[in-house]
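Look at the model below before reading on. The report then goes through some of its parts in turn.

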Amino acid sequence: MTIKQYIKKYGWEIECNPQRCRVMSVDIGFINDKKREDQTQLDIMAYDEGELSDLFKDFCRENRFPQNTVTYVGVVQMADSMEELE
């Protein structure tokens, strides 16, 4: 499943204190090239599915991972600016 397919099916899973925000950190679970569960974290503009999808595609290309093995998309931090994300 791709990022967009996952969000369409399950929505944005919020794992932090929900608040109004401009940016957020998102954990993405996926199956790597060795068929093992793996995870990465990406910072995006709030709820920007297109940006998240593009960043994940780039990450997968750079690491030679399949792009359609997403198992989880969870928001782990919300803030007003990228500098505020830890």
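Predicted model: local features only at pLDDT ≥ 70, side-chain atom pairs only at ≥ 80, totals over all residues.

**The nonpolar core**

The largest nonpolar core has 21 residues. Those with the most contacts inside it are Ile3, Val26, Ile28, Leu52, Phe56, Val70 and Val73. Two or more residues of this core come from each of α1 (3-10), β2, β3 (37-45), α2 (49-63) and β4 (70-79). The element that gives the most is β4, with five residues. In soluble globular proteins, nonpolar side chains tend to be buried together.

Apart from its neighbours within four places in sequence, Leu52 is in contact with Ile3, Ile7, Trp12, Val26, Ile28, Leu42, Ile44 and Val73.

Phe30 is buried, with a relative accessible area of 0%. With residues up to four places away in sequence left out, Phe30 touches Arg36, Glu37, Asp38, Gln39, Thr40, Phe56, Phe59, Phe65, Thr69, Val70 and Thr71. Phe30 and Met1 are 29 residues apart in sequence, and their C-alpha atoms are 9.1 Å apart in space.

Which side chain of opposite charge is nearest to the buried Asp27? That side chain is Arg36, and it is 20 Å away. A salt bridge needs the charged atoms within 4 Å, and Asp27 has no salt bridge. The side chain of Asp27 does make a polar contact of 3.1 Å with the side chain of Gln39. Gln39 is also one of the residues that Asp27 touches, not counting residues up to four places away in sequence; the others are Thr40, Gln41, Tyr72, Val73, Gly74 and Val76.

**The cysteines**

How many disulfides does a search of the whole structure find? The search finds zero. For Cys21, the closest cysteine sulfur is that of Cys16, at 7.8 Å, which is too far for a bond. The cut-off for a disulfide is 2.5 Å between the sulfur atoms.

Cys21 counts as buried, and so does Cys60.

| Residue | Relative accessibility | State |
|---|---|---|
| Cys21 | 17% | buried |
| Cys60 | 0% | buried |
| Phe30 | 0% | buried |

Buried here means under 20% relative accessible area, and Cys21 has a value of 17%.

Definitions and conventions: Residues numbered from 1 in each chain as written. Heavy atoms only, no water. Buried < 20%, exposed > 50% of the residue type's maximum accessible area, 1.4 Å probe, protein only. Lys, Arg positive; Asp, Glu negative; His and termini not counted. Polar contact = N/O pair within 3.5 Å; in protein donor to acceptor, adjacent residues only side chain to side chain. Contact = heavy atoms within 4.5 Å. Core = buried A, V, L, I, M, F, W, Y, C linked by side-chain atoms within 4.5 Å. Helix = DSSP H or I, 4+ residues; strand = E, 2+ residues; numbered from the N terminus.
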